[in-house]
Amino acid sequence: MRVSLSLLIGGFLLALMLIAAAVPDWFAPFDPLVFDFEALSAPPSGDHWFGTDQFGRDVLSRTIHASRIDLQIAVFCVIFPLVLGGAIGLLVGWYGGVVDAIFGRLVDLVVTFPFLVLVIFFVAVLGPGLVNVYIAVTCVGWVPYAKLMRAEVLVQAQSDYVAAGRVLGYRMPRIVLRHILPNAARPVLVYAVTDMALAILLGSSLGYLGLGAQPPTAEWGVLIADGKNFFTTAPWMALFPGVAIVLAGLGFSLTGDGLADLLAVKR
Amino acid sequence: MNRGTWLLGRLAQIVPTFVMIGVAVFVLARLLPGDQVSAMLGERASDDTIARMQAQLGLDRSVFVQLLDFLAAAVRGNFGDSMSLRLPVLQVIAERLPVTLALMAIAVVLALSIALPLAFVAALNANRWPDMLIRTIFQIGLSSPVFYIGLLLLTVFAAGLRWFPVGGYGDDWGEHLYHLFLPGLTLSFSFAAVVMRNLRAGILAVLTAEYVDFARAKGLSAGVVLGRHVLRNALIATVTLVGLHVGALLGGAVITETVFAVPGVGRLMIDSILARDYPVIQALTLVLAILVSLAFLLTDLVQMWLDPRVGR
């Protein structure tokens, strides 16, 4: 067991994001929604560290407040696929046979669809917005979790404690949920942390394309989409929210790497 | 099993895959909530108009008949007409697909030219400062969204320095290359990071393999060992990676083409969604999935050609 540098840096970045999301008003110097017509598209200064946007809204405050939405995206875009995929993986790994064969064909089929294209297809049919993004990501993103969980269950099912459970006459739900699940969960959870980095990238990309969070919600991708038309005249509008995305992405991926080392999970 | 049989078997697999993709797209388009017809006609359409449109699209028949019709039409390449562009869907897609393929090819070439040398530098200096530096830069690259990288490159090199055009595609091959360079570079970063990571690990693994020790022991120079043994194995792994990554590159192309206003299928996808042009969205999803499965097939074939162990 060693706490690596990546875990320290990643944990620090995540802690920053968590605090910003929990109590944005402690850090945001201005109300993120209030227009200031005295300072339209003002460059970074002592008052507005990150400058202001075309309506005079403080970019630093909007970036801080957006962390709440993006953190929500990171969590929801992972937790729903994790639960659905985990449950499918548990059942497929436990029952095997025909169920496993069908699962294999289904996975082969899903991976032929480009992930982002399939998510966009779902959002196109369901309509733009964060709730529909979560539905789309759940329908598409459960596959890696199911594959991971299935592989773990196959290994755990061979172990003596499962055989002992069977001899004691425990039923399937008890063996699977109380005995196999706690032992099989570790690699799945480590993967989930790394996956949150991808979820932030996905959520902000959809926000940028106009398919995710809808304005005036402050979300990093939406902020960048707002600022892109002013990129040559007021680059700070899009620049700083982008830095926030990179730092958040780094936070999750470094933490994921660090946890994988710490818990000795092979990837 | 000999290689001929393996090859035939692998080629034959593609037919059921195509059928499954077609069924999946059909089922998704019908199963998801949201009524296509009222979405296309708008909320004020009368029931009469909706019924006529449904009959025109064949939506009043049984689902199974619709499915067979859809598959039969798809095989003939007949996906109906685009509602926003008033052109056959197939023609619209056929015009734009080459643009996206060219963009992806440029991205792959750039990614490999960035990642291959850096992976060697990193692996040969494992855990010393050049390795640390390269890995840190790529870690940051992996955490940066494609649209943000694109906007930065666009602002600095196109709008600022005016080295490259701000968008578009140009009229001949030279102009295409010139227009697609920045978008290609944008798209290449995350893939270069993946290739670098895998290649570095692969080279490190090969360097400690027994056959490399043996090659050194029999007196081969370091250069020959690296070229003949290390590079060859590293390349096989990289080819697989390119094949597996085609889907992710297509997804990245959707975003890159939107940022740089490149007239490819990615931008077509986003435009069609905003215009609620369902026939195009449906056909594009189908075509892109078929493209990915063809890429998987091609990967297997190239692997068989490069690696004598495959198919034996």
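I'll start with one pair in chain A: D100(A) and R150(A) form a salt bridge, and their closest N and O atoms are 2.6 Å apart. By salt bridge I mean a side-chain nitrogen of Lys or Arg within 4 Å of a carboxyl oxygen of Asp or Glu. D100(A) sits in helix α4 (residues 97-110) of chain A and R150(A) in helix α6 (residues 130-157) of chain A, so this pair ties together parts that are 50 residues apart in sequence. Side chains of opposite charge can pair when their charged atoms come close. Over all chains, the structure holds seven salt bridges.

Before going on, some bookkeeping. This is a predicted model, in which local features need pLDDT of at least 70 and side-chain atom pairs count only at pLDDT 80 or more, while totals for chains, interfaces and linings use all residues. Residues are numbered from 1 along each chain as its sequence is written, chains are lettered from A and ligands numbered from 1 in the order in which they are written, and side-chain values use heavy atoms, with hydrogens and water left out.

Now the two chains. Chain A has ten helices and zero strands; chain B has 13 helices and zero strands. Helices (H or I, at least four residues) and strands (E, at least two) are DSSP runs, numbered from the N terminus. Taken along the principal axes, the C-alpha atoms of chain A fill a box of roughly 75 × 45 × 25 Å, and those of chain B a box of roughly 85 × 60 × 35 Å.

Next, helix packing. Two packed helices are described by the angle between their axes and the distance between the axes. Axes here are lines fitted to C-alpha atoms, for helices over the stretch in contact, and angles run from 0 to 180 degrees between N-to-C directions.

In chain A, helix α1 (residues 5-22) packs on helix α3 (residues 59-95) at an angle of about 105°, with the axes 7 Å apart. That makes α1(A) roughly perpendicular to α3(A); the label covers 65 to 115 degrees, while under 35 is roughly parallel, over 145 roughly antiparallel and the rest oblique. On the α1(A) side, the contact (heavy atoms within 4.5 Å) includes M17(A) and L18(A), and on the α3(A) side it includes I64(A), R68(A) and D70(A). By class, the residues of this contact are seven nonpolar, one polar and two charged. Ala, Val, Leu, Ile, Met, Phe, Trp, Tyr, Cys and Pro count as nonpolar, Asp, Glu, Lys and Arg as charged, and the others, Gly among them, as polar.

In chain B, helix α10 (residues 210-217) and α11(B) pack at about 170°, with their axes 10 Å apart. These two helices are therefore roughly antiparallel to each other. Y211(B), V212(B), A215(B) and R216(B) of α10(B) meet V225(B), H229(B) and N233(B) of α11(B).

Last, the interface. How many residues does each chain bring to the contact? Chain B brings 41 residues and chain A 36 residues. The area buried between chain B and chain A is about 3,400 Å², and carbon and sulfur atoms give 82% of that. Buried area is the accessible area (1.4 Å probe) that two parts lose on being put together, summed over both. In chain B, S143(B), F147(B) and Y148(B) lose the most area to chain A, together 17% of what that side buries.

The rule finds one salt bridge across this interface. R197(B) pairs with D257(A), the closest N and O atoms being 3.5 Å apart. On the side of chain B that touches chain A, α13(B) gives the most, with nine residues. That side divides into 29 nonpolar, eleven polar and one charged.
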